[in-house]
Amino acid sequence: MACPLAQENGLGARVVTSAVFFAVGAGLILHVRRVLLRELRQIRKVAGAAQSVLLRPLPPRIDGLDIAAAQLSADHGASIGGDLYEAIATEHGVRVVMGDVRGHGLGAIGTVAAVLGSFREAAHDEGELGGVLRRLERALARHLCERDRAGHPSSGPGSDSDTAEEFVTVLLLEIRGDGEVHALNCGHPWPYLLTRGRVRPLVRAEPLPPLGPFPLPARLPAESCGRLRPGEGLFLHTDGAEDARDTRGRFFPLLPALTAAVRDGPVVPQAVLRSVLTGLLSHTGGRPADDVALLVLHNDRRPLALKPGRVSQHVPR
C-alpha cells in the first residue's frame with residue numbers, strides 16, 4: 001500500500017503494481033510450500049523410525065529357521081497398523097507371536113505396542129506358552145484400562161466404555177530344537193504347513209476366544225502340532241489375507257495361491273511371501289481394505305548323523 005505506483009491511476013502503473021503483488025505472493029507461497037514439504041518429510045522420517053522400532057524387521061534367520069515377513073496397513077501413509085508379529089530365539093525354542101487388533105491402521109498402534117512389548121519379555125521369562133499368554137492378557141487389560149481412564153476421567157470399573165468391545169486375536173508358536181511345534185491360539189487363523197507341492201492346515205482344533213472379552217481358562221495346555229521337519233515351512237497370516245476382496249466382492253484365494261507358490265520347488269520363505277503378496281495386491285487392486293500380516297518360517301536345520309546308542313537330533317546350520 002506504501003508503493004508510490006499504487007497511488008497512480010494509469011493503466012501502466014496498475015499493471016506494474018499487480019505484477020509486483022503477484023511476484024511477492026508467488027514467492028511467499030513457494031516459500032511456505034518448501035517449508036511444509038520439509039516438515040512433512042521430517043515427520044515421515046520420524047514416524048517411519050518409530051514404526052520400525054515397534055514392528056521391527058525380523059532377521060532372515062533365527063536358530064536354524066529361515067524367516068520372511070511383511071505387513072500392509074489399510075491406512076494410507078502408515079507402514080504398520082493393527083496386525084503384529086515377532087519371532088524370538090529363547091532357551092525354550094523359537095517363540096513366535098502373530099496377532100490382530102480390532103480395528104486397523106494408526107488407531108490400533110497403541111494396543112499393538114502393549115502386546116508386543118509384553119511378548120518380548122515374557123517369551124524369555126516364562127517356561128510355558130500358557131504363562132506367555134497370561135502375560136499378554138494382563139498387558140492388554142492394563143493398556144485398555146489406562147486408555148479408558150485417559151479418554152474418560154470419570155469412568156470407573158462399571159462404566160460403559162468402548163474398551164469393553166476391544167479384543168486381540170493371538171497365535172503363539174513354540175518351535176523347539178528337535179522341530180516339535182506347540183501352539184496356543186486365541187481366535188486367530190491357524191497356520192498352514194508347507195511342503196514341496198503340498199499345503200495343509202497345521203491344526204484343525206477349535207481356538208480359544210480372542211483376548212479381551214473373556215478371561216482365559218484356568219488351564220492352558222499348549223496344543224501339540226507335530227514336528228516341523230527339515231525342508232518344511234509354516235505360513236502364518238492374519239484374517240486380512242483371507243478376507244481381502246476384489247472389485248466384484250470375491251475373496252482372495254489364499255490356499256490356491258500358497259499351493260502355487262510351493263508347487264514346483266522347495267519352500268523358500270522370500271519366494272513364498274513374494275508370490276502371495278503379488279497375488280493379493282493384484283486381487284485387491286493394490287489397496288487392501290484391512291491390515292494384512294504374513295510370516296513364513298522354514299526349517300533349515302540339519303539332522304545329526306545317528307551314532308550307536310544315541311538318538312538323532314536337529315541342530316541349527
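Reader: At what angle do the axes of helix H5 and helix H6 cross?
Author: This is a predicted model. Helix H5 covers residues 254–261 and helix H6 covers residues 269–284. Their axes come within 9 Å and cross at roughly 140°.

Reader: Is H5 roughly parallel, roughly antiparallel, roughly perpendicular or oblique to H6?
Author: Roughly antiparallel needs an angle over 145 degrees, and roughly perpendicular runs from 65 to 115. The crossing is at roughly 140°. Therefore H5 is oblique to H6.

Reader: Is the crossing of H5 and H6 left-handed or right-handed?
Author: H5 passes H6 in a crossing with a defined hand. That hand is right-handed.

Reader: How many nonpolar residues are in the contact of H5 with H6?
Author: H5 brings Leu-254, Leu-258 and Ala-261. H6 meets them with Val-272, Ser-275 and Val-276. By class, the contact has no charged residues, one polar and, finally, five nonpolar.

Reader: How far apart are the end C-alpha atoms of helix H2?
Author: H2 runs over residues 109–125, which is 17 residues. At 1.5 Å a residue, they should span 24 Å. The computed distance agrees: 25 Å.

Reader: What percentage of the residues in the protein is buried?
Author: The secondary structure comes to six helices and 13 strands. The protein has 317 residues. The buried share is 43%.

Notes: Residues numbered from 1 in each chain as written. Predicted model: local features only at pLDDT ≥ 70, side-chain atom pairs only at ≥ 80, totals over all residues. Heavy atoms only, no water. Axes fitted to C-alpha atoms, helices over the stretch in contact; angles between N-to-C directions. Helix = DSSP H or I, 4+ residues; strand = E, 2+ residues; numbered from the N terminus. Parallel < 35°, antiparallel > 145°, perpendicular 65-115°, else oblique. Left-handed = near helix turned anticlockwise from the far one by under 90°. Contact = heavy atoms within 4.5 Å. Nonpolar A, V, L, I, M, F, W, Y, C, P; charged D, E, K, R; others polar. Expected span 1.5 Å × (residues − 1). Buried < 20%, exposed > 50% of the residue type's maximum accessible area, 1.4 Å probe, protein only.
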